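Please go through this report with the model open beside you.

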Amino acid sequence: MDFQSSSEFNDAPQMLPPPPGTFVDREELIQHVGDFAVSQGYVVTIKQSKRDRVVVLGCDRGGVYRNRRKPVDESSAESLRRRKTGSRLTNCPFEAVGKKDDGLWKLSIKNGAHNHEPLKDLSEHPSARRFTEREVLLIKEMTEAGLKPRQILKRLRQSNPELLSTPKHVYNVKAKLRQGNVTVRNFKSLRPQKTAVRNNYQSVMEPSWRQRNPPRVPNLIGGRFVDSKSLTSIDVVNPATQLIVSQVPLSTNEEVRAAVFAAKRAFSSWRNTPVTNRQRIMFKFQELIRRDMDKLAMEITSEHGKTLTDAYNDVLRGLEIVEHACGVATLQIGEFVSNISNGVDTYSIREPLGVCAGICSFDFPAMTPLWMFPIAVTCGNTFILKPSEKVPGAAVILAELAVEAGLPNGVLNIVHGTDDIINAICDDDDVKAIALVGPNSDVADIYSRASAKGKRIQCNIGAKNHAVVMPDASIDATLSALVAAGFGGAGQKCMALTTVVYVGSITPWEDKLVEHAKAIKVNAGTESNADLGPVPGYENGNFIGPTILSDVTVNMECYKEDVFGPVLLCMQVLPLISFSVGSHISKLVFVVKLHIFVSQAESIDEAIEIVNRNRRGSGASIFTTSAVAARKFQIEIAVGQVGINVPISVQPPFTLFTSSKPCFAGDLNCDGKGGIHFYTQIKTVTQQWKDLPGNVETPTSNSNGESLQLLNS
């Protein structure tokens, strides 16, 4: 039989070659080609390999294992045909080439054609009988324990009932083991249920990036934690001790492309994964976050400096978002309208966008990443995360937990770096949406750059949040709220209270405000008595005590710009009063001057005007016992978040977190239904089903004479 010219194969379904791309290593490239080949009905094999430079992959036509016993009613011609189609031929012209270039592997297709039909049952191909690396190690252990091949197979099938290998294959492995060779080729794509087994085996091996001292934070690309090819790194310093915690690589643009390609490759299968399955992964993910809560909090404190209490709250707030993602199916429900015309129905559905990206700030190392990727991936998207280069550790731990929870390879990817990585993400045409939390100085350029590429984008920017204190406010409750909101987390959070506007006399507040500030204990975040941790960026001091500035005017730089520290501004006009506050750190005493300038706004109208004139205002609170004043404030204040007798805080994820421009740029917010809408797009379907005779044309109007063509407008 001539396979090259037979018409049997001319009519066979076309088998497509794998799409070219960039990969972090040789194994990922081979896996990509193997996975795609199986989806098309063929199996790849390594034809040629120079391990550090090039690998050539061909098509293993394989075939089925022949039945050695010839049926009595089988003709000789039929027997010959079966022998030829069942023989293991490797002369298919298909050829894919992977070459290493600048530290990454690039795939090209030399010949994408095949000369045979697709395999109908890949489990009958000889490669399906190969053992995984984990199974090889188990065979070695059981052989040393004295078990026979049939006993070994019986035990292996307990964990893998679909194992096709025979005792003969076990003997072959034992022979290789005696020669000291434990490497057995494994086409994982043929047996996808073994992914978890292989990943678990890899997880017990200490990766190279953890073996460094200090450790170098890895990228996550295509389901694998890999060290960046870049030789340039940034030190992550513990602000309480000045010790180097880790190093962050300045990844290359090629690694960004590899991550985007991995996400794009994973999207087609992930979007078709049932939403209930995606939710189950989120249920497991939140369980693992609870398990490793202490680890996450300690990582945040060591990198960021905030107290352990604040670090736990950081994780818990992010955990709420993961729990919200567990019920995302009900928020993705579309709408259905029956019989909009005679026999015509229409409905809308929400579909994922594709590859999305998140760019994180440093103030909430756990909450900000969890603000982004859990909702995005549960909606069916794949994701590229760029953590803050100042606090990358929590994001990497969360990614490890997501992989452990069962998130498939390529669904979540992490690439570390600074401006170059952000620009590469903005410029990549395959990235469909970007979520950003960051300072005002960065957001404008990122927003314009991403928007110019037609991307959907949301930007959450740092803000000036005000508190208006009325004369009738409860003194103790108000002071506690002001101090907690102004100095909590060292003031390094986007919703920190930065400015207090007093209406009426300041006299009842003056001394008590200072007393509350004096009571704050400044110490390393890991110390149990710490109320205020160190501030990143103060290389020669690390610590700054709570600072109160009064007599502030709207023209001062401290009012117009983000201080992003434990500094509370008071809009006052009376003479200067100075206080000295001692904050104990271990056996050292740090003295911080609190400068209190005392005055007041004349009325609530003046206070509201001060807040509304500040274009950086994201939120504002009023402290009062008057419902009339509170209602007036609620109606007239021009901010997105309003607090009444409470400081501004981040809302639960099932509600809508809003900010006013320019503190927010974009059309869709990140919480509540807005977050679901940001990561999905609407598709409207109009359908008509009629039981009409085959020779009758479909009418173009309904019984009332209305044209159905209007539905197409």
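## Basis of the model

This is a predicted model, in which local features need pLDDT of at least 70, side-chain atom pairs count only at pLDDT 80 or more, and totals for chains, interfaces and linings use all residues. Residues are numbered from 1 along each chain as its sequence is written, and side-chain values use heavy atoms, with hydrogens and water left out.

## Overall make-up

The protein has 21 helices and 26 strands. Both are DSSP runs, numbered from the N terminus: helices are H or I with at least four residues, strands are E with at least two. Of the 713 residues, 51% are buried. Buried means under 20% relative accessible area, exposed means over 50%, and partly exposed lies in between (1.4 Å probe, protein chains only).

The protein exposes about 33,600 Å². Carbon and sulfur atoms supply 50% of that area. Accessible areas come from the Shrake-Rupley method with a 1.4 Å probe; for residues, only the protein chains shown count as cover. Contact means heavy atoms within 4.5 Å. Take the contacts between residues at least 6 apart in sequence: 70% of them join residues at least 24 apart.

Two packed helices are described by the angle between their axes and the distance between the axes. Axes here are lines fitted to C-alpha atoms, for helices over the stretch in contact, and angles run from 0 to 180 degrees between N-to-C directions.

Helix α9 spans residues 275-291 and helix α11 spans residues 308-325. Their axes come within 8 Å and cross at roughly 160 degrees. The two helices are therefore roughly antiparallel. The angle classes are: under 35 degrees roughly parallel, over 145 roughly antiparallel, 65 to 115 roughly perpendicular, the rest oblique. α9 passes α11 in a left-handed crossing. Left-handed means that the near helix is turned anticlockwise from the far one by less than a right angle; clockwise would be right-handed.

From α9, the contact uses Gln279, Met282, Phe285, Gln286, Ile289 and Arg290. From α11, Val315, Leu319, Val322, Glu323 and Ala325 take part. By class, this contact of α9 with α11 holds seven nonpolar, two polar and two charged residues. Ala, Val, Leu, Ile, Met, Phe, Trp, Tyr, Cys and Pro count as nonpolar; Asp, Glu, Lys and Arg as charged; the others, Gly among them, as polar.

## Helix α11 against helix α12

α11 also packs against helix α12 (residues 367-378), with axes that come within 8 Å and cross at roughly 10 degrees. α11 and α12 are therefore roughly parallel.

On α11, the contact involves Asp314, Arg317, Gly318, Leu319, Ile321, Val322, His324 and Ala325. On α12, the contact residues are Met367, Leu370, Trp371, Pro374, Ile375 and Thr378. Nine residues of the α11 and α12 contact are nonpolar, three are polar and two are charged.

## Ser233 in strand β8

Ser233 sits in strand β8 (residues 233-237). Ser233 counts as partly exposed because its relative accessibility is 28%. Which residues does Ser233 contact, leaving aside neighbours within four places in sequence? Ser233 touches Arg216, Gln247, Val248, Pro249 and Leu250. Glu389 is 156 residues away along the chain, yet the C-alpha atoms of Ser233 and Glu389 are separated by 9.8 Å.

## Exposed positions

Asp294 belongs to helix α10 (residues 293-304). Asp294 counts as exposed, at 52% relative accessibility. Its C-alpha atom lies 7.8 Å from that of Tyr312, 18 residues apart along the chain.

Arg631 is in helix α20 (residues 627-636). Arg631 is exposed, with a relative accessible area of 54%. Arg631 and Ile644 are 13 residues apart in sequence and 9.2 Å apart, C-alpha to C-alpha. Asn213 is placed in the loop between α7 (195-203) and β6 (219-221). Asn213 counts as exposed, at 77% relative accessibility.

Asn339 is not a glycine but has a positive phi of about 55 degrees. Asn339 lies in strand β10 (residues 335-341). At 47% relative accessibility, Asn339 is partly exposed.

Asn645 has a positive phi of about 65 degrees, although it is not a glycine. Asn645 is in the loop between β24 (641-644) and β25 (664-665). Asn645 is partly exposed, at 41% relative accessibility.
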